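Please keep the sequence and the structure in view while reading.

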Amino acid sequence: MDVPLPHLDRPFDYLVPEALDADARPGVRVKVRFAGQLVDGWLLERAESSEHPKLAYLEKVVSPVPVLSPEVARLARAVADRYAGSLADVLRLAVPPRHARAEKAVTTDTPPTDEPAPGGTEPDGSPADGTEPDGSPADGTAPGGVPSEAADAGARPGGRAEVDPRGWRDYPAGPALLRALTDGRPARAVWSALPGEDWADRYADAVAATVAGGRGAVVVVADARDLDRLDAALTAVLGAGRHVRLAAADGPARRYRAFLTARTGGVDVVIGTRAAMFAPVRRLGLVAIWDDGDDLHAEPRAPYPHARDVLLTRAQLGDIAAVVGGYARTAEAQLLVETGWAREVVADRAVVRARTPALAPTGDDPQLARDPGAASARLPTLAWTTARDALRADLPVLVQVPRRGYVPSVACADCRAPARCPHCAGPLALPSAQGTPACRWCGRVAAAYACPECGGRRLRASVTGARRTAEELGRAFPGVPVRTSGREEVLATVPGGAGLVIATPGAEPVAEGGYGAVLLLDSWALLTRADLRAGEEALRRWMAAAALARPGTAGGRVVVVADGALAPVQALLRWDSAWFAARELAERRELGFPPAVRMASVTGAAEAVADLLAGARLPGDAEVLGPVPADEGRERMLVRVPRSRAAAMAEALHAAAGQRSARKAADPVRLQVDPLTLF
């Protein structure tokens, strides 16, 4: 039943009246009477009898279309168990809300046929090889590997068209990956894309190889801009009408129509944002995700699943292929490689050097000797001259700025104390050069602001945003067109020729022929964040921007305003995110942080958190850390267990939450397993 109460997270038996017998098929939406109320539900299974002697009848079949496939139902149950959540919450994410008009527009004369998932699972739905979907062995031993080079080179079944590997030839294991996809083998790959790589075309090749083998594919990207790019690439390779896109931003009617098209077998390929991670595709042969480190892949609604983990769980349950790709590599992806669950697909170092732009930091000793002010300057001489030379060569220049807006943070000009709102203590910001300071939290204007520390009334910029940067560079390079790309307006592409593009991370447009120069400013804003993933996130954003530059042999240059001795900067200069990911993973193992361990966050009022943990039968080797202050007067406790005990921890926390909901406890508690933010 669609009831958000943990203690009701189980199936219930109902009688099917004769009038509804034909429509009451597994997977349909129904309405049932429960506790005197009419509630929504899902029909999971039909049975001849029940152990309960007295049953109520189904009240209504909302629609005869079985929108919930058995494969997605099994996946939803596995995701709910992994994240200590309820099946009803996962099903809300898996199946979009019904849209009657869109449902009528899709042909449903032939009902969906539900084929059993391929081998690789036990009768209870658990992985047959005893491993977790992210490659962590349940018994502490190394899991089985993926197809070897020798197996990839094996004979191909007759009658299947050969897919041209094209750009995959730059990666030694790339052609073998495509052959495995065409042959229907469960190859698992962690792909590190080269600079300048058209990742959408490479994913289109992988999907085409899967379709050539008679199977379907699901590809998940972070945002609408990436989705448009992948949509165009797949249309060029497969042709129009061979795939659908699922994204919440497309609107309820279009999204539901696309969902039903996939559910009824109208297409074999579904692409989309995280809304597509549960897409119902028959004979699924490939799941893939691009840029898995982007925080947009994390679902903000309970039980807070991550698209990468959902897809890997799907690959494990169905024994199908999986590809995790990006310019940078996360610690989670590195864990897949180190445990043997996936193989890395990388280019040779000679190819990497040929494709990489010339990279240089501004904070190393040679640069400081030539420009002593580079240590404190926002735009050191090296960055300025690099931009000037590219503009003189009639090439575009990309400037990445971590913060949007004009001046998102100000401080007292006399004592440098951060300027805070006198009403809510939120940070003050300047909307424009002549604007009045206003609070970023409550929106109140602080026209008569006086510093509580020294009484000063003058303000200075603490952080410079994208619009202020565009204004400053426009004055530094008069006559050069300046464009901005950020949250307010995202540019997809920019024309070739001299010009400045000021963009926030994730909004960098593609330039025709590549950028002549890429400047990475305000690196401190990324590296000094109080976040476990600060270095990893900084490197991911830098590599995504640097990948848009021309190769060094064609005049492409990248300047990062940072000390070259820092590990993320070193990884960027060598274009070796695998080295940095391995380093990050080793440090997290030593410190006991995810993904080396499993950790759950329990947030709520102090009494509620203590009550839940007191009733949880946690594993004996579980560590309870905290409490630490959270937002809005709440506190947070962390529960840490070895990866092999993750299922036991999730089950214990979910059971404890069910006990509290059965007692009708007043104060809510939020449970998150492996949250992106721990501090």
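## Aromatic rings and their surroundings

Trp290 counts as buried, at 3% relative accessibility; buried means under 20% relative accessible area, exposed over 50%, and partly exposed in between, with a 1.4 Å probe and protein chains only. The model is predicted, so local features need pLDDT of at least 70 and side-chain atom pairs count only at pLDDT 80 or more, whereas totals for chains, interfaces and linings use all residues. Residues are numbered from 1 along each chain as its sequence is written, and side-chain values use heavy atoms, with hydrogens and water left out.

A pair of aromatic rings is described by the distance of the centres and the angle of the planes. Rings of Phe, Tyr and Trp (its six-membered ring) pair if their centres lie within 6.5 Å; planes under 30 degrees apart count as stacked, over 60 as edge-to-face and the rest as tilted. By this rule, the count is 12 aromatic pairs. Two of the pairs involve Tyr203, and the table gives their geometry.

| Ring pair | Distance of centres | Angle of planes | Type |
|---|---|---|---|
| Trp191 and Tyr203 | 5.7 Å | 40 degrees | tilted |
| Tyr203 and Trp290 | 6.0 Å | 90 degrees | edge-to-face |

Helices (H or I, at least four residues) and strands (E, at least two) are DSSP runs, numbered from the N terminus. Trp191 belongs to strand 4 (residues 188-192) and Tyr203 to helix 6 (residues 199-212), so their pair ties together parts that are 12 residues apart in sequence. Trp191 is buried, with a relative accessible area of 2%, and Tyr203 is also buried, at 2% relative accessibility. Trp290 lies in strand 8 (residues 284-290), so its pair with Tyr203 in helix 6 ties together parts that are 87 residues apart in sequence.

A charge sits over a ring if NZ of Lys or CZ of Arg is within 6 Å of the ring centre and within 35 degrees of the ring normal. Arg82 lies over the face of Tyr83, at 4.4 Å from the ring centre, and Arg574 lies over the face of Trp579, at 4.3 Å.

Strands of a sheet pair through backbone hydrogen bonds, either parallel or antiparallel. Here, two strands pair if DSSP finds at least two bridges between them. Six strands form an open sheet in the order 11-22-21-12-19-17, with parallel pairing. Strand 11 (358-361) and strand 17 (482-485) stand at the edges with a single partner strand each, so one side of each has no neighbour in the sheet. Within the sheet, strand 12 (residues 396-400) runs parallel to strand 21 (residues 517-520), joined by four bridges. Val399 has Leu519 in strand 21 as its bridge partner.

Helix 14 (residues 466-476) lies across strand 12, strand 17 and strand 19 (499-503). The buried residues of helix 13 include Leu382, Thr385 and Leu391. Helix 13 is followed by Asp394, whose phi is positive, near 60 degrees.

## The place of Ala461

Ala461 is found in strand 16 (residues 459-463) and is partly exposed, with a relative accessible area of 31%. Beyond its neighbours within four places in sequence, Ala461 is in contact (heavy atoms within 4.5 Å) with Val407 and Ser409.

Terms used:
Axes are lines fitted to C-alpha atoms, for helices over the stretch in contact, and angles run from 0 to 180 degrees between N-to-C directions.
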